[in-house]
Amino acid sequence: MQLAVSTVIFALRADEQSAKQRGPELWLPLVCRVRDPYDGYWALPGGPLGDHEGLADSAARTLDETTGLRPAYLEQLYAFGEPERGAGAGGVTRRTSASAPKSAADRMVSIVYWALLGSDEAARARVGQNVRWLTAERLPRLAFDHNLIVEYALWRLRTKIEYARIAHAFLGETFTLSELREVHEIVLQRDLDPANFRRQIEASNAVVRTEEFRTGGRHRPARLYRYNSAIEPVDLGPLAPRNAPPSSPDQRSRP
């Protein structure tokens, strides 16, 4: 069995070059392959697990090498290791049952991590001929089984955003409730009732009011909020992010 690590990163970005002038959408950075198999296809950043290297360290390293991105937090998403996943040159390819790997030693297992970035952090990504941001909802045919991986990551994001406090990753230090609602609407791809959303968010204790207001728009100043730093965005139990101080029992909250 061979082991690889890949990363899915979502960021909210507006397509400034689109003639349709779409609003913010979910985008992710992809790397163009320059060798077979799938020469010329876009793929998730990743590569084989290095010797004496942890999974999260490998995900961070390959992401930095390909895109220049260094997310503060990477969460393990899923392990993809179906029997038909055969090893390719630096990646994996789905095979038919007739050509499936003959033994487990021929199988490629990919450990996939994911991260969410704010627009400012995403703007620091290194882009060029071989690295580009593409919209998550309108992807071309990707290399290997990476379309399936992105589809699973989108499903997981939409599921978790309704019960886990992860939307803050797309926002700045402070934000209005309208801005927070917009993030939820973009991810969930449906409109939310503003009054109900406000009640649910304020009742969750996930956000804290500040004494600052957003001014300068056509409407009256809107109060700014920040996330409650005493509550982890995702509860990992004892598996806290590396280098992060352990949370005390009263600080943890179920997602």
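Student: In which helix is the place of His184?

Tutor: Helices (H or I, at least four residues) and strands (E, at least two) are DSSP runs, numbered from the N terminus. In this predicted model, His184 has its place in helix α4, residues 177-188.

Student: Is His184 buried or exposed?

Tutor: Buried means under 20% relative accessible area, exposed over 50%, and partly exposed in between, with a 1.4 Å probe and protein chains only. His184 counts as buried because its relative accessibility is 9%.

Student: With which residues is His184 in contact, leaving aside its neighbours within four places in sequence?

Tutor: A contact is defined by heavy atoms within 4.5 Å. With those neighbours left aside, the residues in contact with His184 are Ile161, Ala167, Gln189, Leu192 and Phe197. Gln189 itself lies in the loop between α4 and α5 (194-204).

Student: How is the backbone to be read for phi and for peptide bonds?

Tutor: Most residues other than glycine have a negative phi, and most peptide bonds are trans. Gln189, which is not a glycine, has a positive phi of about 60°. Phe144, also not a glycine, has a positive phi of about 55°. A cis peptide bond joins Asp36 and Pro37, with omega at about -5°.

Student: Where are Pro37 and Phe144 found?

Tutor: Pro37 is in the loop between β2 (25-32) and β3 (42-43). Phe144 is in the loop between β9 (131-135) and α3 (146-160), and this residue counts as buried because its relative accessible area is 5%.

Student: How many of the residues of β2 are buried?

Tutor: In β2, 8 of the 8 residues are buried, so the strand is largely enclosed by the rest of the structure. Glu25, Trp27, Pro29 and Val31 point one way, while Leu26, Leu28, Leu30 and Cys32 point the other way, and all are buried.

Student: Which strands are joined to β2 by bridges?

Tutor: Two strands pair if DSSP finds at least two bridges between them. Strand β1 (residues 2-13) runs antiparallel to β2 and is joined to it by 3 bridges; Arg13 has Glu25 as its bridge partner in β2. Between β2 and β9 there are 5 bridges, and these strands run antiparallel; here Val31 stands opposite Val131 in β9. Strands β2 and β3 run antiparallel with 2 bridges, and Cys32 stands opposite Trp42 in β3.

Student: How far apart are Leu148 and Phe80 in sequence and in space?

Tutor: They are 68 residues apart in sequence and 9.9 Å apart in space, C-alpha to C-alpha. Leu148 lies in helix α3 and is partly exposed, because its relative accessible area is 38%.

Student: What describes the protein chain as a whole?

Tutor: The protein chain has 5 helices and 11 strands. Of its 255 residues, 40% are buried. Among contacts with a separation of 6 or more, 64% are between residues 24 or more positions apart.

Methods
Residues numbered from 1 in each chain as written. Predicted model: local features only at pLDDT ≥ 70, side-chain atom pairs only at ≥ 80, totals over all residues. Heavy atoms only, no water.
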